[in-house]
Structure formats: C-alpha cells, structure tokens
Amino acid sequence: MNNKFIPIISVFMTISLIVFVTLQFYWLKNYYVALEQEFSNKVYSALENTSKNIAEIEVDKLLNENYTNFRDNIKANKDKASLTTIQQTQDSGTQKSIVYYRNIIEKTQFPISKRGDSLLLTKMYSDDAAYKIKKDTSHRELLTPEINQDIESGDYDSKEFVKVNGSNLPLNKRVDAIVLDSVITKELRMKGITAEFGYGVTDKNNKLTNIVNKVFKEKKDTNSYSYPLFTDKKDHTLYTLALVFPKKEYSLAMNNWPMLLGTFLSLLTILGIYIISINYMMRQKKLAEVKTDFINNMSHEFKTPLATISVATDSLANDKIATNPDKVKYYSNLIKQENLRMKKQVENVLNMSKLERNEVELFLKETNVRELIKKTTESFNLIIQQRNGILTEEFNATHYIFKIDEFHISNMLVNLLDNANKYSPETPEISIKTKNEGNWYVLEIADKGMGMETQNKTKIFEKFFREETGNIHNVKGQGLGLSYVKKIVELHKGQIIVESQKDQGSKFIIKLPMA
C-alpha cells in the first residue's frame, strides 16, 4: 500500500466510525425513549385498574359487611326516565329498516354517614332492536301492528352501577394500605413490571396522607406516575394515587439486555476492528520505512568491505606486490578479514530470522559464565583501546556456573559491548559488573555515551529500530543487535532492563536464572 494513502484512508475510516457511533447512540436514545413510553403506558394502565379495583372493594365492603341486606330494607327512589327513538332508513336495494332504542333509569341513594356521604346505586334497563321490511311502494303502512306490539313488549337488559360519594369519609375508612399494596403489585405484575416501587396517596391539596410506604417517602422527589383514586359527586379528584420507581432505568435495561448487549458488542467490535486496522496500517507504514532504512544500511555495510576486497584483489594482481611475500600476506589477511565481516553481517540477519520463526534451539550446558565474559571482553578490549577507551570489570557474583548456550550468550555480550562502544561518541568508558540476586545471575553493562530518549527505551528492542537524531542516523548498523539480545535472554527465561538518560549514558541489566 502506498504510504501516502494511509493517512487519507485513516481519516475516512475515522469519519465513518464517528458517523456509525453517532447513529448507534441516536438509535439507542430513541429506543430508550420508546421503552420509557411503553413503561409509562403500562404503569398508567395498572393505576387505572387499581383505582377501579379499590372502588369495587370499597363498594363490596359497604354492601356485604357494613350494610347487609340494605336493598331489602330501603325503598328504591325511582326516577324513571324513558326514551324511545324510532328511525326509519331506506337503502338502495329492496329493503327498509326500523331501528329503535329505549331505556329506563332507576337510581337509589343510600346514606352511609351523618355528613351527607352516600352510596349511589344506579340501574339502567335498556331495550333496542332493528327490523328490516321489504320495500313496497303500494303498501304505505310500514309499522305494522305486529311490529308495534313487539316493540311495546320488548325484553329489557339490566345494568347496575354503584358509586360511593364520600367526600367527608376519612381515607383510612375507604382504603387499607395492605390491600392497596397488594392490588398495585398484582396489576404491575400482570403488565410485566417487576421493578421495586413506592406508592403514596395525596389529597386534593397535594398533601401526602398516611397511606404511604417507605420507598415513596425516601424517593418522593423522583419522577412519579399519578392517577385519581377517589372522586366526588362532580367527578372532581379527592385523592390521588402516585407511584415511583427508584430503579426504573436498571429494570428497563435488564428487561431488554439482549438488545442492549448486542448493540454494545457490535460497537465494541467495530471499534476494535478500527483500532486494529489503524494500528496495522501504521505498523505496515513503519515497517516499510525501517525495511528501506535497513536495506540502505546493509548496502553501506557491504559496500565498504566489497570496496576493500576489490582494492586488495587489484593490488595482488600487481607484479610488484605479487613478488613481495609480506604484501601478499597483508592483502590476503585484509581480504579474509573483510570476508569475515560480511559473513558476520549475513549471520546476524539469518539468526534474527530464525529467532522470529522460533527455529533457534538452545544447546544448554554447565558453563563458567565468569570465564566466558572474561574471554569475550579480552578480544573486545583491543577495539576499545584503539579509541583510547577504558573497559573495567567487577565480578562480584560468587555463583557463576550454570547452564547456558555459550554461543548465543557470547554473541549477546558482543552486541551489548559493540553498542556501548558505538554510542560513545568520544573516548568510551565501559564497565561490566556481575552479582547474584537470589537465584538470578545479574550482568550489568554500562557506558557513559550519548544515552537515549525516555520514549525509546521500549522501542530499542524492536527489529530495525536505531536511535537517531532527526532523519540522520548517527551510527550505522542494521538495527537487529538489541532485538537479538532480547530474544536470547527470553529464550533463557531471563529478563533485560534498560536504564538510560540522554547524554549521560546507558546501562543494560541482564538477569539469567541459575536453576
């Protein structure tokens, strides 16, 4: 992928993600509003049914407990009002119809207190019918004697309505708190509402009465649902029943958790894919850059020895040099040295490749690690001395014989010492210290070189990464040394720690297990 397109694609992906997330939250908001509306409808329906049931319970109590058989002892105060409506209609076919409706209303008012409260019993007798007759222009009498007699002698349907007019009755005489709680609970359960609720009854002045539970007292300032409980003769509200739901939001969420969970998981999935995609593209961009940089540095590393070998070969072809054994030996050693240098570069790349594929197998054996370090530093000390540098050793570890892979540990030491030397711009000052910490063998390699930025402490172990200033690398190399070091330490089940400050040097602490 062209690196120029990665920022453009990232911007469009970000915009798309923002739009998607915004739409999802908008949909969730509307969905929650719909859930709240549905919840409110169910609550108001439950309140309406509760009000009716409480009224019926009150009437039943008056009729069957307080005033037993009052109908047999009290004469009905009959107000008979009858109305008969006869309507003739004619359709476009061959028929005519006669429709009539008639009712008789009978009211009985029974006093239940000395303050004027009463029980109003209303009966309504109703009779209605419809007749269809054939359309006959020659016969003018549509309402025949038979139909007229049928209308006069029609059967009545009876309906009874009871209402308590108790404006002066105490509330505790009209409703019991336990019964009210039971009725509300039943009605809410029938509507599918199981959330905790609080209830309270207020009077016409909106003052809370003694019919109230603990939850309502604690959460009375919460949004409530109210409905008339009792009305007077003119249907004005006397008492109001109010409900509160302290955990309404939790109840709505739990009742709809599959939908909400699915939406939340889809958002997380999209967000995760977005983060992974952006991270992958950035890593690919970075990898392309470091690989290009690696190839450039490898070309430089090979260019110098190849040029040296070429010059040495041309020199050996010269007759004057060819007859001089010392010169021939010198140029032969030079060619061998540069060839070994190139071989080492190739081996570093191959070893790193094997490590990445987990193809490296360690050959562990009991080793005197102190002697291994001394042997390595002796050969490396010559390089330090060429720069007038100092390499100090301090062996404080008393236990230094344990199983390691000599070859890879030796290469690890060379890489660390080489880095300490390369990143010391002036006279190098390098120290090597060893000690024991419990069951660990600790090796410290420190220098007083250029150090590194804090943000680079974790990056230096990445493949191809090298400390740089601006866009110009101060030190040539492949950027594989420290990555190789970390892999070898991890294969030995060890730890590597970096301590560094810019312009003050770096310290690499290697901890290897001795068990």
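In helix α7, Lys 248, Ser 251 and Leu 252 are buried, where buried stands for under 20% relative accessible area, exposed for over 50%, and partly exposed for anything in between (1.4 Å probe, protein chains only). These residues cover an arc of only 100° around the axis, so they end up on the same side of α7; the arc is taken from the directions that run from the helix axis to the C-beta atoms. Helices (H or I, at least four residues) and strands (E, at least two) are DSSP runs, numbered from the N terminus. The model is a predicted one, so to speak of local features a pLDDT of at least 70 is needed, side-chain atom pairs count only at pLDDT 80 or more, and totals for chains, interfaces and linings use all residues. Residues are numbered from 1 along each chain as its sequence is written, and side-chain values use heavy atoms, with hydrogens and water left out.

Next come the aromatic rings. A pair of rings is described by how far apart the centres are and by the angle of the planes. Rings of Phe, Tyr and Trp (its six-membered ring) pair if their centres lie within 6.5 Å; planes under 30 degrees apart are called stacked, over 60 edge-to-face, and the rest tilted. Counted this way, there are eight aromatic pairs. Take Tyr 225 and Phe 245: the ring centres are 5.9 Å apart and the planes stand at 70°, so this pair is edge-to-face. The two partners come from distant parts of the chain, 20 residues apart, with Tyr 225 in strand β7 (residues 224-231) and Phe 245 in the loop between β8 (237-244) and α7 (248-255). Both Tyr 225 and Phe 245 are buried. The pair also belongs to a cluster, in which ring pairs link Phe 39, Tyr 44, Tyr 225 and Phe 245.

What about Tyr 330 and Tyr 331, how are their rings set? Their centres are 5.2 Å apart and their planes at 75°, so here too the pair is edge-to-face. Tyr 330 is exposed, with a relative accessible area of 51%, whereas Tyr 331, at 17%, counts as buried. A ring can have a charge over it as well: the charged end of Arg 174 sits over the ring of Phe 230, 4.0 Å from the ring's centre. For this, NZ of Lys or CZ of Arg has to be within 6 Å of the ring centre and within 35 degrees of the ring normal.

Then there is the empty space inside. Rolling a probe the size of a water molecule over the atoms shows where such space is left. On a 1 Å grid over the protein atoms alone, a cavity is a set of points where a 1.4 Å probe fits but cannot get out, and lining residues have an atom within 4 Å of a point. Grid points are joined across faces, edges and corners, and a volume is the space filled by probe spheres set on the points. The structure has one cavity of 30 Å³ or more, and the largest cavity comes to about 40 Å³. Its lining is made of Val 369, Ile 373, Ile 409, Met 412, Leu 413, Tyr 441, Leu 443 and Leu 512. Two or more lining residues each come from α11 (369-386), α12 (406-422) and β13 (440-447), and α12 gives the largest share, three residues. By type, the lining of the largest cavity divides into eight nonpolar, no polar and no charged residues. Here Ala, Val, Leu, Ile, Met, Phe, Trp, Tyr, Cys and Pro count as nonpolar, Asp, Glu, Lys and Arg as charged, and the others, Gly among them, as polar.

The backbone has a couple of curious spots. Most residues other than glycine have a negative phi. Asn 206, though not a glycine, has a positive phi of about 65°. Asn 206 sits in the loop between β5 (198-203) and β6 (208-212) and is exposed, with a relative accessible area of 63%. Asp 503 is not a glycine either, and has a positive phi of about 65°. Asp 503 lies in the loop between β14 (495-501) and β15 (505-513) and is exposed at 60%.

Ser 10, in helix α1 (residues 5-66), is buried at 11% relative accessibility. Ser 10 and Met 282 are 272 residues apart in sequence and 9.5 Å apart in space, C-alpha to C-alpha.

Notes. 1 Å grid on protein atoms, 1.4 Å probe; cavity = no way out; pocket = protein on both sides within 12 Å on 5 of 7 lines; lining within 4 Å.
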